[in-house]
Amino acid sequence: MNESQSVILIDDETDLLKALRRLLKAEGFQVACHTSAAEFLAAARPPSPGCIVLDESMPGMTGLDLQRELVAEGSTLAIVFLTARGDIPMSVRAMKAGAVDFLTKPVKDKDLISSIRMGLKKSADLELNKNEVDLLRGRFETLTDREREVLKFVTQGLPNKQIAASLGLVEQTIKVHRSRVMTKMRAESLAQLVVVAERLGITSQES
Amino acid sequence: MNWVIVAWTGATSASLMLAAIHLFVWIRNRKAWASLMFCLMAACTAGMAGCELAMMRVTDVNQLGAILQWYNLSRWAVTLALIGFMHFYLGAGRPWLELTVIGLRTLALLLNLFVSPNAYYSSIDGLNRIIFFGQAVTVVEGIPNPLMLVGQVSMLVLAAYLVDTTWRAYTAGAYNRALRVGSSSVFFVLALSLQTMLVLWGVVEAPIMASLFFLGIVGVMAFELSEDMLRSTRLAENLQQREVDLRRERKLTDAVFQGAPGLLFLQSQDGVIRRWNKRPANPSEVIETKIHDFFRKEDHPALSESLEKTFSEGSANFELDLLHSDGSASRHFFSTVQIEIGEKPHLIGIGIDVSAEHALGLELALQKEKLARVSQIASMSELSSSLAHEINQPLAIILSNAEAAQRQLELPVPNHNELRDILKDIVAADIRAADVIRRLRSILQRGQPVLKPVAPSSLLNNVLRLLKTDLDNSGALVSKKIPKRLPNFLADRIPVEQVLINLIKNALEAMHGNGTRGKSLILSCAAEGSGVRFSVRDNGCGLPESGDWIFEAFHTTKPTGLGLGLKISQTIIQAHGGRLWAEVNKGRGASFHFHLPLRPETT
């Protein structure tokens, strides 16, 4: 059992929690149970990647409320909704907010398990993406202010001469800055640098 | 100038003139018998005066005899006319007295005809010329005839008759007429009798001058009759004024009638309308308009009943459709009262158009009915959706448990303990599902609730068992307050349990945001009055506002839910003849109570 098999069940119906835990455990998942959203939030965050199987209609904080909270937090946990009383507007809202699936009770084990696997994969992807971005951000942090300015202009596709004119420097200085940026960001080509800048969300900052 | 001729011819012409006037009056008004009698009397008086004047100038005894015959005829007629006048004018004479006078007078007339030379004198000695008022007139010289007494007696009886008639008229209320006509005629008749006797017995020397006395009576009568005429003229004038007043009054009432809104009518007891302000929709074949013509045939019995009630009780109020002359109809409110007109019971009624209010009332009723239907449908849908949810839970539990068991069995070494637990849970969930279905069936089976004796404690315990999961999850501190001795009550168990479940679930939701304060749920039951009271008390967020409006359909304070739970609960409790109410706690939270009678009144 590795960590990528972590499933979190949140439902106010304890008997169902029990049944689902048995099922998922037999399937080889690592299962944690909570009877309310508040209880889940109060507990320590489960390691990512992981998939939450979430009941929508619970007293107090509903499933959608919890989803909103987790999205705002930037969590990489995937969410599969499992509800007894699901309607279309509710499912649309859930899916728009990034839910993997919206299942209704009673659920077939195959459907639930395939959704959970999808969720775990999505969570892992999110996690991976998050790790890469963190790495790139770390490299970006090593740049000086001037180098960051140069990076911005370069990724906008401006030639050295024009960048020099904009910053009030000679073209030769810009060339030096540019090669340093390439080195620090470990970019082998201009195209690679542009992709990195895009993932960090730098190009969009046009001011 | 001969004064005697002037006096007697004057009397004659005056009498004739008066006779002519009243003859004319009688011709114009044939019912004026008094005028005819007066005319006759005046004419005969003129005749008498003529005869007397002739006798005063006679020179031959034979000629005198002939004149006396005419004279007697005139006096007979005068007497008859006088009696006739009194009879018609005063209308108070005794018939037998009248007949006696006429009889005696007729006898005197006949005696005069057959006795020689006449009834006044047994023998006539000759004719004397005497000086009367400075004029020489002829008087008869002779021995008075005792038969003359008949005439005198007749005069006295006449006088007696006149006195009697006058008195009777006076006491009957005709004071002025009796005094003037009656007393003057009595006076003149008596005076005439006296004068006649004095002359006949030779005490006084004078010619026969009875006509002058009768002229006196005629004068008084003429005065009286003209007085009557004046009075009738005045009366006519008054009448005219009255008529003008009446016409004005009539115009006013017409204006009132025509101006009245709706229908205003006056009818007699036989249902015929005397006055009304509207044309009836279906005028009846006969000339008379009946109030029924304003109404539809099928409304006639109700109308008749109300009208009869008006006549028997004095007034009535009712509401019916009034037909208009264009065939349309509109709802009117009628108020009728009984009034007396000319001592006959009549009915005056007014009808005011209330079609707008009526339509509004109908629409309101319709809307209410619609709302009731909608809320019924909604409550059914809410009920079925909540039951679907409740049945889905155990099904989901069973399915997942069964699938888990299948996986266990596929393992090389299945965990038997695990399998046993799974099967136990499956059985429990199955029982739960069956219970939900049983409830659903009992709710859907509308009609007479099945009343069975229910022990309050067992009801409460059953509900707590059903809600165990919810209560455990909520973490609320549940305390029960049930006295040992409580009477059983008759109820349909499942709906009442459902009410308690609803109230407890509401309480749990109300306490959801309690946080560190902790949740406290107090369930109690007590005998109260002739019933049992259940109470659910929480320390949650309480009621938004106190008032019955929380029991209204579609009212909700929860983000989910249709707001029918309390409404349905109330319906169930009311169906048991009980009462459901809420109150805000002094500290925190709210309490819901319901009171059920031991035996609901089955109606």
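The following dialogue discusses how to read several features of this predicted model.

Me: How do the strands of a sheet pair in general?

Reply: Strands of a sheet are joined through backbone hydrogen bonds, and the pairing is either parallel or antiparallel.

Me: In which order do the five strands of the open sheet in chain A lie?

Reply: The order is β2-β1-β3-β4-β5, and the pairing is parallel. At the edges stand β2 (30–34) and β5 (101–104) of chain A, each of which pairs on one side only. On average, neighbouring strands of this sheet are turned by 20° against each other, direction ignored.

Me: How many bridges join β4 of chain A to β5(A)?

Reply: There are four bridges between strand β4 (residues 78–83) of chain A and β5(A), and the two run parallel. A:L82 has A:L103 in β5(A) as its bridge partner, and A:T83 has A:T104 in β5(A).

Me: In which sense do β3 of chain A and β4(A) pair?

Reply: Strand β3 (residues 50–54) of chain A pairs with β4(A) in the parallel sense, over four bridges. Within β4(A), A:V80 stands opposite A:V53.

Me: Which helices take part in the right-handed β-α-β units that include β4(A)?

Reply: One such unit consists of β3(A), helix α3 (residues 63–73) of chain A and β4(A), and it is right-handed. Another right-handed unit consists of β4(A), helix α4 (residues 88–96) of chain A and β5(A).

Me: Why is β4(A) described as largely enclosed by the rest of the structure?

Reply: The description follows from burial: six of the six residues of β4(A) are buried, so the strand is largely enclosed by the rest of the structure. Both of its faces are covered. On one side A:A78, A:V80 and A:L82 are buried, and on the other A:I79, A:F81 and A:T83 are buried.

Me: Where do nonpolar side chains tend to be found in soluble globular proteins?

Reply: They tend to be buried together.

Me: Which residues of the largest nonpolar core touch the most other members?

Reply: This core has 64 residues, and those touching the most other members are B:F38, B:M41, B:A42, B:F85 and B:V218. Several elements of chain B each supply at least two residues of the core, including α1 (3–28), α3 (61–89), β2 (135–144) and α7 (210–259). The element that gives the most is α2(B), with 17 residues. Leaving aside neighbours within four places in sequence, B:F38 is in contact with B:H22, B:F85, B:M221 and B:L225. Apart from this core lies another, of 44 residues, among them A:F40, A:V107, A:L120 and B:L399.

Me: How is the size of an interface often given?

Reply: It is often given as the accessible area lost when the parts come together.

Me: How many residues does each chain bring to the contact?

Reply: Chain B brings 20 residues and chain A brings 21 residues. On the side of chain B that touches chain A, the elements giving two or more residues are α9 (355–410), α10 (416–444) and α12 (468–474) of chain B. The most comes from α9(B), with 13 residues. By class, that side has seven nonpolar, nine polar and four charged residues.

Methods
Residues numbered from 1 in each chain as written. Chains lettered and ligands numbered in written order. Predicted model: local features only at pLDDT ≥ 70, side-chain atom pairs only at ≥ 80, totals over all residues. Contact = placed C-beta atoms within 7 Å. Nonpolar A, V, L, I, M, F, W, Y, C, P; charged D, E, K, R; others polar. Pairing = 2+ DSSP bridges. Axes fitted to C-alpha atoms, helices over the stretch in contact; angles between N-to-C directions. Core = buried A, V, L, I, M, F, W, Y, C linked by C-beta atoms within 7 Å. Buried ≥ 20, exposed ≤ 12 C-beta atoms within 10 Å, placed from the backbone. Right-handed = clockwise from strand over helix to strand, strands pointing away.
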